[in-house]
Amino acid sequence: MTTASASVPVLVEARSEDAGVLIPPFFSMHDRDGFIHKPSLRETLREWFGAVNFINYPNRTLTMLNVLYHLGTFGVFIAYISAYFSIPSAIYVSFLSTYLVTLYNTVWFHRHCSHLSFQATKVLKVFFLWTNPFFFREEIYVVPHQVHHRRSEKPGDPYGPHLGWLGSYLSIESNQKYNTQISREKYEALQRSLQHVGFPMNSFNDFKKYGSVEKVPHYLLRTAVSQGLYCFLSYLVGGLPAVIYFYAAVFLSVFLIRDFNWRGHGGFNRRNKIDGWEFDPQSSALNQKFYGYFASEWHDCHHLFPMSAKSGFLSSQPDLAFSVILFLKRIGFVTNYIDSTQNFNNFSNVVK
Ligand SMILES: [Zn+2]
Ligand SMILES: [Zn+2]
């Protein structure tokens, strides 16, 4: 493994599934023979409604706010299609969506927060936290994602084709059910696994009360600031229509991120790997051109070397997110990063 500088700390994992940090679905995750269980529509919806039931579980209120935000942006997206659509605006929304997904999903949520594939300065962390456009907590991305890598397509994998498209789409909410009855030691392990993200953390008692590792006022304040900032900048660019374009791009981005959790591991499509293009023997993750070009998510390569800040190892796999990380390194906001290209080349030569 090649590193840009000598010491890149290894991500401390809470091993969420072992620690019981997340409450598992109410339905069995495997059948009598031990194979993974695909939930029915009824099970999927019951699980989701339980996850957003803030009346019976007040510490799920933030999850419900995520849903309302997603529905709100869906409403704006419909308004955009029906009243504001034009070819130039569609190009603008597409570019904006590529920017949002590449920068916030791939660089921030995925490569930094989930895998610590590069070290960010405090200033860069503050920038990402206070400009996160998705109204979606970093910790809720990270904790299930670490389980996903340990259990890809096995019982306990929090998202993927085995849940069906809808189950995987709704898993964003279903995976937010923290087990607030965990021990203090397990909570401290969870805190350590999120320390590199850079937000102020709740005490053990406040975690039990609010179901959030991040201090809730901090989360709400930074979210309000980022939403205000994007509205202000969009309005400066083009008045109300540009604000509409921004929220249409947010909806499109989140829709595609949710869809990717299903499609990135095959979905309804092929499960077989293409020789010379996909290499990971442990999962059915695929290198799909759309998600590769759009979000730098060459997912088969990523599953092969998940700690790498670069996933597009082949010359035909552009990796815009890695270019962003290199740029941030050049201007001093990234101090070091992991690049597994040499390991990949060695591996792919062996399997040829
Ligand atoms: Zn995956
Ligand atoms: Zn990952």
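Which residues in the largest nonpolar core touch the most other members? They are Tyr245, Ala248, Ala249, Val250 and Ile325, in a core of 55 residues. A nonpolar core here is a set of buried Ala, Val, Leu, Ile, Met, Phe, Trp, Tyr and Cys residues joined through C-beta atoms within 7 Å. Buried means 20 or more other C-beta atoms within 10 Å of a residue's own; exposed means 12 or fewer, and partly exposed is in between, with C-beta atoms placed from the backbone. Helix α11, residues 216–263, gives this core its largest share, 12 residues. Another core lies apart from it, with 7 residues, including Trp298, Cys301, Leu304 and Phe313.

Some ground rules. This is a predicted model: local features need pLDDT of at least 70, side-chain atom pairs count only at pLDDT 80 or more, and totals for chains, interfaces and linings use all residues. Residues are numbered from 1 along each chain as its sequence is written, while chains are lettered from A and ligands numbered from 1 in the order in which they are written.

How confident is the predictor? pLDDT is its confidence in each residue, from 0 to 100. The chain's mean is 91, and 94% of residues reach 70 or more. Residues 1–19 fall below 50; in the model, that stretch still has 40 contacts beyond near neighbours in sequence. A contact means two C-beta atoms, placed from the backbone, within 7 Å.

Now the overall build. The chain has 15 helices and 3 strands. Those are DSSP runs, numbered from the N terminus: helices are H or I with at least four residues, strands are E with at least two. The C-alpha trace spans about 55 × 50 × 40 Å along its principal axes. Of the 352 residues, 43% are buried. Among contacts with a separation of 6 or more, 68% join residues 24 or more positions apart.

Back to Val250. Beyond its neighbours within four places in sequence, Val250 contacts Thr73, Leu100, Pro133 and Phe134.

Phe135 is not a glycine, yet its phi is positive, near 55°. Phe135 sits in the loop between α5 (122–131) and α6 (138–150). Is Phe135 buried or exposed? Phe135 is buried, with 21 other C-beta atoms within 10 Å. Ser296 also has a positive phi, about 60°, without being a glycine. Its loop runs between α12 (289–295) and α13 (299–304). Ser296 counts as buried too, with 28 C-beta neighbours inside 10 Å.

Notes
pLDDT = per-residue confidence, 0-100.
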